[in-house]
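This briefing covers a predicted model. The points below are grouped by topic.

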Amino acid sequence: MTQNPVETFLTPTEEQAVLTAIRKAESHTSGEIRVHIENTSNTPIDTRVLDVFSILKMHNTELHNAVLIYVAIQDKTFAIYGDKGINAVVSDTFWDETKNTIQAHFKQGHFKQGLVDGILSAGQQLKTYFPYKATDTDELPNTISKG
Ligand code: CA
Ligand code: CA
């Protein structure tokens with residue numbers, strides 16, 4: 001029997017570290033961050049990330065400021081997609097720093113660290129445009145989605 005790479009991509013401890021990073025990032029911003037991990041995208045990643053964003057109902061935030069970090073393990077690739085509320089106010093290079101952070105860790109096989117630092121970076125980036133408010137609610141679950 002072959003192991004499902006999606007299940008072994010992160011150890012339970014590493015998964016907890018990722019969830020902690022999401023909670024921490026979301027304590028600075030009203031933006032919502034989610035992670036989706038699957039083995040292969042089957043379709044071009046730019047379309048797939050949109051599909052997953054939609055499947056996870058990530059459009060359903062008040063300020064349209066959710067961000068998806070998408071990982072395709074076998075394809076050795078990832079993508080970041082932010083909702084229209086973010087794209088309306090930021091430059092095209094907005095995610096570059098976050099992408100570079102993730103890529104640098106992933107290249108070395110440090111997947112947990114790539115996700116943790118990427119999530120924290122996304123949170124810091126979002127904070128400028130979407131600061132945390134006392135009335136903030138957790139609009140999207142702080143869990144890792146697996147496809
Ligand atoms: Ca929130
Ligand atoms: Ca959340």
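Glu32 has a relative accessibility of 1%, under the 20% cut-off, and therefore counts as buried.

- Glu32 is in strand S1, while Thr137 is in the loop between H6 and S4, so the pair ties together parts that are 105 residues apart in sequence.
- Glu32 also coordinates the calcium ion (ligand 2), which is 5.6 Å from the calcium ion (ligand 1).

**Sheet**
- An open sheet of four strands has the order S3-S2-S1-S4, with mixed pairing.
- Strand S3 (77-82) and strand S4 (144-146) are at the edges; each has a single partner strand, so one side of each lacks a neighbour in the sheet.
- From one strand to the next, the twist averages 20°.
- Strand S1 (residues 32-38) pairs with S4 in the parallel sense, over three bridges.
- Val35 has Ile144 as its bridge partner in S4.

**Helices on the sheet**
- Helix H5 (residues 96-107) packs on the sheet and touches strand S2 (66-72) and S3.
- The direction of H5 makes about 160° with that of S3.
- Helix H6 (residues 111-129) lies across S1 and S2, and runs at about 150° to S1.

How values were computed. Residues numbered from 1 in each chain as written. Chains lettered and ligands numbered in written order. Predicted model: local features only at pLDDT ≥ 70, side-chain atom pairs only at ≥ 80, totals over all residues. Heavy atoms only, no water. Pairing = 2+ DSSP bridges. Helix = DSSP H or I, 4+ residues; strand = E, 2+ residues; numbered from the N terminus. Axes fitted to C-alpha atoms, helices over the stretch in contact; angles between N-to-C directions. Contact = heavy atoms within 4.5 Å. Donors = N, O, S within 2.8 Å, 3.2 Å for Na, K, Ca; no water. Buried < 20%, exposed > 50% of the residue type's maximum accessible area, 1.4 Å probe, protein only.
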